[in-house]
Amino acid sequence: MSTLTVTPATHFTFADGLRVHRMGYGAMHLTGPGMWGPSDDPDNAVAVLRRAVQLGIDFIDTADSYGPGYNEELIRTALHPYPEGLVIATKGGMLRSGPDDWVRAENRSPYIVALGQPAYLRQQVEVSLLRLGLDRIDLYMLHRIDDAVPLEDQLGTLADLRREGKIRHIGLSGQPGVSVQQLEQARRITEIAAVENLYNIADRAGEDVLDYAEKHGIAFIPWFPLGHGDLVGPEGVLTTVAGSYGATGAQLGLAWLLHRSPNTLLIPGTTSVSHLEENVAAAGLRLSDREWSEIEKLCAKATPWRPEAQGATR
């Protein structure tokens, strides 16, 4: 594992030929505490984004709710004018109330409130275009399906914006996940290029969605790829065995996701350049099927935290 560059063997190609490395970067944590407000260290945030591009990362994930807005603005500050081939995926359709919305705490449900009104979604796409300095967003994802609004209206608005040339591909995101049934319903309305679900080596509740995505050529973007840190903390199961494979716990978790399916498109986030470099190096980790099987058995005993939203719609 001497290289820190993404290799050509780790690409995913969308239906229209758009091609990106499967080791991407999630920019969420470059925003202020609680994903609220500007970064506490904007110079470091800019350095992380620029280093990501230097390492060959060409897929960056963000959302209008990160900040809100500051995350998209930071990406523009760091990288605009964008290098050729850089894909920025953003999301809209989720409300924010403050920095404690998504903080992990005992006896507390996260504030996950969808807003899928067509006029709001159209506004958010226009605002994201403005913040990012783009004429077209390569991948725009509905951040959460709003049960109070017909899905045809939510995705129909995004499909209209695609016809207008403001969106290239449409995706779905879920907290904690989009179901196969929802994905099938969405595909009857418009083409879906990507689905973003909670998924990692210990929390595989979304396995059926991953299998469906692979069968239909859809990118599968796992969030909480390291179990909200539970798998790679000081006592984490991946941490305890990683040394045997000449890797870190995070590298094991990410490499497993790349190994699991050719359709996984990873977006690990970090505020550290050194951790970013370690994450990228995970693309070069190769283990045998037997070794992966042994690690899967160990991780099956772990119970990483997952947000279970309550009162998720208005």
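Which residues does Val125 touch, not counting residues up to four places away in sequence? Select Val125 to begin; the answer comes at the first stop.

Before that, some ground rules. The model is predicted, so local features need pLDDT of at least 70 and side-chain atom pairs count only at pLDDT 80 or more, while totals for chains, interfaces and linings use all residues. Residues are numbered from 1 along each chain as its sequence is written, and side-chain values use heavy atoms, with hydrogens and water left out. Helices (H or I, at least four residues) and strands (E, at least two) are DSSP runs, numbered from the N terminus.

**Stop 1: Val125**

Val125 sits in helix H3, residues 118-132. Val125 touches Ile137, Tyr140, Leu158, Leu161 and Ile167, where contact means heavy atoms within 4.5 Å. Val125 has a relative accessible area of 0%, so it is buried. Buried means under 20% relative accessible area, exposed means over 50%, and partly exposed is in between (1.4 Å probe, protein chains only). Gly92 and Val125 are 33 residues apart in sequence, and their C-alpha atoms are 7.2 Å apart in space.

**Stop 2: helices H1 and H2**

Select residues 42-54 for H1 and residues 70-79 for H2. The two helices pack at an angle of about 65°, with axes 9 Å apart. That angle makes H1 roughly perpendicular to H2. Axes are lines fitted to C-alpha atoms, for helices over the stretch in contact, and angles run from 0 to 180 degrees between N-to-C directions. Angles under 35 degrees count as roughly parallel, over 145 as roughly antiparallel, 65 to 115 as roughly perpendicular and the rest as oblique.

The crossing of H1 past H2 is right-handed. A crossing is left-handed if the near helix is turned anticlockwise from the far one by less than a right angle, and right-handed if clockwise. On the H1 side, the contact is made by Pro42, Ala45, Val46, Leu49, Arg50 and Val53. H2 supplies Leu74, Ile75, Thr77, Ala78 and Leu79. By class, this contact has nine nonpolar, one polar and one charged residues. Ala, Val, Leu, Ile, Met, Phe, Trp, Tyr, Cys and Pro count as nonpolar, Asp, Glu, Lys and Arg as charged, and the others, Gly among them, as polar.

**Stop 3: the loops on either side of H2**

Go to Pro68, in the loop between strand S4 (59-61) and H2. A cis peptide bond joins Gly67 to Pro68, with omega about -20°. Then select Pro81, in the loop between H2 and strand S5 (87-92). His80 and Pro81 are joined by a cis peptide bond too, with omega about 0°.

**Stop 4: H1 and H9**

H1 passes H9 in a right-handed crossing. Ala47, Val48, Arg51 and Ala52 of H1 meet Val273, Leu276 and Glu277 of H9. The residues in this contact divide into five nonpolar, no polar and two charged.

**Stop 5: helix H10**

Which residues of H10 (residues 289-299) are buried? Select Trp292, Ile295 and Cys299. They cover an arc of only 65° around the axis, which puts them on the same side of H10. The arc is that of the directions from the helix axis to the C-beta atoms. An α-helix has 3.6 residues a turn, so residues three or four places apart point the same way.

The face turned away from the buried side carries the exposed residues Arg290 and Lys297. The buried residues of H10 pack against helix H7 (237-242) and helix H8 (249-260). The axes of H8 and H10 come within 12 Å and cross at roughly 120°, which makes H8 oblique to H10.

**Stop 6: two positive phi values**

Select Met35, in the loop between strand S3 (25-26) and H1. Its phi is near 55°, a positive value in a residue other than glycine. Met35 is buried, with a relative accessible area of 12%.

End at His228, in the loop between strand S11 (219-223) and H7. Phi of His228 is also positive, near 55°. His228 is partly exposed, at 34% relative accessibility.
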